Amino acid sequence: MDTDPAIQCSDCQACCCQLPVRVLPGDAPPDHFLDEDEDGYLIMAKADDGWCVALDRERMCCGIYEQRPFVCREFAMGGGDCAEVRDDWRRIALSLR
């Protein structure tokens, strides 16, 4: 997998923490971070503002990093999905100016 070393979580607004995350068998996030989607699948819960409830807002990083779901573990910093989400955020921000 190709990654862009210029992309670092430390200079991001945790864009990925607004994406939907399905919890898969074998994942073990704490139960109080879980919700169910409209199709009955187990997902990471969102706060009222759309951010993942596991997001540590002071540090803008995952508050359950060692217990994060597989989907989050596979979302590589600087990887293709990461770069795409950051580009989408940038486009949205520019369109709001």
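# Reading rings and a pocket

The charged end of Arg68 sits over the ring of Tyr65, 3.7 Å from its centre.

User: What places a charge over a ring?

Analyst: NZ of Lys or CZ of Arg must be within 6 Å of the ring centre and within 35 degrees of the ring normal. Arg22 is a further case: it lies over the face of Tyr41, at 3.7 Å from the ring centre. This is a predicted model; local features need pLDDT of at least 70, side-chain atom pairs count only at pLDDT 80 or more, and totals for chains, interfaces and linings use all residues. Residues are numbered from 1 along each chain as its sequence is written, and side-chain values use heavy atoms, with hydrogens and water left out.

User: How many aromatic pairs are there by the rule?

Analyst: Rings of Phe, Tyr and Trp (its six-membered ring) pair if their centres lie within 6.5 Å; planes under 30 degrees apart are stacked, over 60 edge-to-face, the rest tilted. The count here is one aromatic pair. The Trp51 and Trp89 ring centres are 5.8 Å apart with planes at 40 degrees, so the pair is tilted.

User: Is Trp51 buried or exposed?

Analyst: Buried means under 20% relative accessible area, exposed over 50%, partly exposed in between (1.4 Å probe, protein chains only). Trp51 counts as buried, at 14% relative accessibility. Trp89, at 31%, counts as partly exposed.

User: How do the residues of the lining of the largest pocket divide?

Analyst: Ala, Val, Leu, Ile, Met, Phe, Trp, Tyr, Cys and Pro count as nonpolar, Asp, Glu, Lys and Arg as charged, the others, Gly among them, as polar. The lining of the largest pocket has 26 nonpolar residues, two polar and four charged.
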